[in-house]
Amino acid sequence: MLAYTYVEQGRFAFLEKPRPHVEGPEDVVVRVTLASICTSDLHIKHGSVPRAVPGVTVGHEMVGVVEEVGEKVRKFAPGDRVAVNVETFCGKCFFCRQGYVNNCTDPQGGWALGCRIDGGQGEYVRVPYGDQGLSHIPQGVTDEQALLAGDLLATGYWAAGIAGIQPGESVLIIGAGPTGLCTLQCVLLCQPGVVMVCEKDPQRRKFVEEHYPGVLTVAPEGAEEFVKTHTPHGGAGRVLEVAGSADSFQLAWKCARPNGVVTVVALYDAPQVLPLPEMYGKNLTFQTGGVDGCHVDDILQLIAEGKLDPRPLITHTFPLREIEKAYEVFEKREDGVIKVAIQMEE
């Protein structure tokens with residue numbers, strides 16, 4: 001089968017590989033119908049994910065159809081349409097039982113697909129612990145609607161949850177890329193008060209204004225004063241940092257009100273430093289970590305009910321054989337791209 005592969009730092013290649021098959025009793029093999037490119041794939045390419053294994057098929061955002069199941073799989077059968085979770089988790093260890101599936105202690109647990117084991121930017125993918133790592137796509141929900149449920153929407157849902165957003169609370173989201181926009185959709189489910197998005201790209205600020213009426217937008221250089229002006233207590237009660245730069249990290253704590261919560265969603269290319277002497281007295285709470293993507297069923301149901309709609313984020317679609325062009329468009333942010341879908345060929 002055709003598969004886009006991490007060869008070495010700085011280089012991906014389009015290779016012919018053997019089709020995966022069930023290797024263990026809880027495995028499920030999925031025929032991928034639609035996949036996507038994530039910024040985390042670019043982090044792998046540029047060497048920012050040391051645990052990524054050269055030779056692995058990249059990609060962890062995908063939907064498809066079940067082709068083959070292991071003998072202990074109970075929830076899925078060949079022919080089922082499924083969304084694939086970004087994380088692999090056993091469902092049995094201490095962390096899985098607490099809902100902290102990102103910290104699953106199984107050797108294949110956590111972010112494995114497209115990082116440590118072959119992922120979904122190919123025609124087929126083997127999903128370990130399929131009963132945990134797959135979700136049925138509800139009737140009437142398209143592949144495009146379901147594509148982001150297992151990763152970006154799962155991240156936004158998780159971030160809004162750990163931020164503890166109460167109805168009426170002021171919220172600032174830093175970053176209006178694909179993850180930031182998915183986070184925004186999930187934040188709006190919490191019935192917040194004023195919601196602000198800080199984004200340096202004017203095209204993306206315009207996208208927010210057009211698709212999410214009532215959400216305020218601001219560029220980074222004016223963000224601190226803007227947030228203070230539009231909130232009652234000198235800053236946002238909840239700040240979600242999704243941009244992933246040194247400047248955005250610093251902006252996050254500066255824009256939070258005293259006794260606010262800063263939720264760090266972003267993945268950084270370098271260590272970040274908290275200037276504790278400058279922060280003294282703000283009494284901030286920081287929430288950080290990787291997504292615990294165990295609510296994909298709930299997310300798909302919200303999509304089916306029309307309460308979440310990621311389709312406007314998919315601005316470009318390419319066939320698998322043109323995936324190198326798709327990466328170029330996505331990485332260089334060409335042609336107003338937000339999210340790219342990769343269509344598998346019939």
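Reader: Why is Phe95 called partly exposed?

Author: Its relative accessible area is 30%. Buried means under 20%, exposed over 50%, and partly exposed in between (1.4 Å probe, protein chains only). Phe95 therefore falls in the middle class. This is a predicted model: local features need pLDDT of at least 70, side-chain atom pairs count only at pLDDT 80 or more, and totals for chains, interfaces and linings use all residues. Residues are numbered from 1 along each chain as its sequence is written, and side-chain values use heavy atoms, leaving out hydrogens and water.

Reader: What makes helix H2 a helix, and which residues does H2 span?

Author: Helices are DSSP runs of H or I with at least four residues, numbered from the N terminus. H2 covers residues 94-97 and includes Phe95.

Reader: Why is Cys38 called buried?

Author: Cys38 has 6% relative accessibility. The limit is under 20%, so Cys38 counts as buried.

Reader: How do you know that Cys38 is in no disulfide?

Author: A disulfide is a pair of cysteine sulfur atoms within 2.5 Å. By this rule the count is zero. For Cys38, the nearest cysteine sulfur belongs to Cys182, 10 Å away.

Reader: What about Cys96?

Author: The sulfur of Cys93 is its nearest cysteine sulfur, at 3.7 Å. The cut-off is 2.5 Å, so Cys96 is in no disulfide either. Cys96 is buried, with a relative accessible area of 10%.

Reader: Which residues touch the most other members of the largest nonpolar core?

Author: Leu240 and Ile342, in a core of 87 residues. Helix H5 (residues 152-163) gives the most to this core, seven residues. Such a core is a set of buried Ala, Val, Leu, Ile, Met, Phe, Trp, Tyr and Cys residues joined through side-chain atoms within 4.5 Å.

Definitions and conventions
Helices (H or I, at least four residues) and strands (E, at least two) are DSSP runs, numbered from the N terminus.
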